[in-house]
Amino acid sequence: MVKLNKIYTRTGDDGTTGLVDGSRVAKASLRIEAIGKVDEANSAIGLAAAALDDGEHAQNLLRVQNDLFDLGADIATPAEDGDFAPGEMVLRVVQPQVDWLENAIDAANEALEPLSSFVLPGGSEAAALTHVARASARAAERAMTALAAAEPTNPAALAYINRLSDYLFVLARVFNDNGAADVKWVPGANR
């Protein structure tokens, strides 16, 4: 269990921050950029969840937020040898978390009207906020793939962040009356 007695430590005043393994890296590193983008996505999901009644979708978003803390811990724990197995002191995103997202996508998608056009990120307040969260998740994915190009990164973590934006897209459509109230893109409409 995490216990925080003091919020500031002054150890980051030199532009570095600590990782789970005790090493220190620059706050501008690819690893910290990825952690920060995951945190931004998590905050955007919290905002989207705040627009919902406390129902199944709000509970699912809370579950995702918890998974994103797992993801942040995963990214903050380097694996020089590429070993991404979870351990007693090592928290990793695992395939069942990815599977849960895939199942949630499939379940939500069953009730949706088929897409006939790209949709604009809007509609209801809940849908618009979920689209913001989706865009934040895509930014986190870009940061994580940049990290993966430079350093070993957990494949399950990469799969999770990729599925997350898909889940948020489908969920935004659910919040737009199961797609009936989606705002459709009309190519060249304003020429």
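Which residues does Asn42 touch, not counting residues up to four places away in sequence? They are Gln65, Leu68 and Phe69. Asn42 itself lies in helix α1. Its relative accessibility is 5%, under the 20% cut-off, so Asn42 counts as buried. The model behind these values is predicted.

**Overall layout**

The chain has five helices and four strands. Along the sequence they follow the pattern β-β-α-α-α-β-α-α-β. The C-alpha trace spans about 50 × 40 × 35 Å along its principal axes. Of the 191 residues in the chain, 41% are buried. The accessible surface comes to about 10,800 Å². Carbon and sulfur atoms account for 54% of that surface.

**The nonpolar core**

The largest nonpolar core holds 41 residues. Val64, Leu68, Leu71, Leu164 and Tyr167 have the most contacts inside it. The largest share comes from α5, with 13 residues.

Val64 gives a view of the packing. Leaving out residues up to four places away in sequence, Val64 touches Ile45, Trp100, Leu101, Tyr160, Leu164 and Tyr167. Two of these partners, Leu164 and Tyr167, are also among the residues with the most contacts inside the core.

**Charges and salt bridges**

The chain carries 16 positive and 27 negative charges. Their mean positions are 7 Å apart. The structure holds seven salt bridges.

| Positive residue | Negative residue | N to O distance |
| Arg163 | Glu102 | 2.8 Å |
| Arg138 | Asp166 | 3.3 Å |
| Arg173 | Asp182 | 2.5 Å |

Arg163 is partly exposed, with a relative accessible area of 23%. Glu102 is partly exposed too, at 27%.

Arg138 forms a salt bridge with Asp166. Arg138 lies in helix α4 and Asp166 in helix α5, so this pair ties together parts that are 28 residues apart in sequence. Arg138 has a relative accessible area of 30% and is partly exposed. Asp166, at 32%, also counts as partly exposed. The pair belongs to a network of salt bridges that links Arg138, Glu141 and Asp166.

Are the residues of the remaining pair in the table, Arg173 and Asp182, buried or exposed? Both Arg173 and Asp182 are buried.

Ala189 sits in the segment after β4 (183–184). Is Ala189 buried, partly exposed or exposed? Its relative accessible area is 49%, which is not over the 50% needed for exposed, so Ala189 is partly exposed. Ala189 and Arg138 are 51 residues apart in sequence. In space, their C-alpha atoms are 27 Å apart.

Notes: Residues numbered from 1 in each chain as written. Predicted model: local features only at pLDDT ≥ 70, side-chain atom pairs only at ≥ 80, totals over all residues. Heavy atoms only, no water. Core = buried A, V, L, I, M, F, W, Y, C linked by side-chain atoms within 4.5 Å. Buried < 20%, exposed > 50% of the residue type's maximum accessible area, 1.4 Å probe, protein only. Helix = DSSP H or I, 4+ residues; strand = E, 2+ residues; numbered from the N terminus. Contact = heavy atoms within 4.5 Å. Areas by Shrake-Rupley, 256 points an atom, 1.4 Å probe, with all protein chains shown as cover. Lys, Arg positive; Asp, Glu negative; His and termini not counted. Charge placed at Lys NZ, Arg CZ, Asp CG, Glu CD. Salt bridge = Lys/Arg side-chain N within 4 Å of Asp/Glu carboxyl O.
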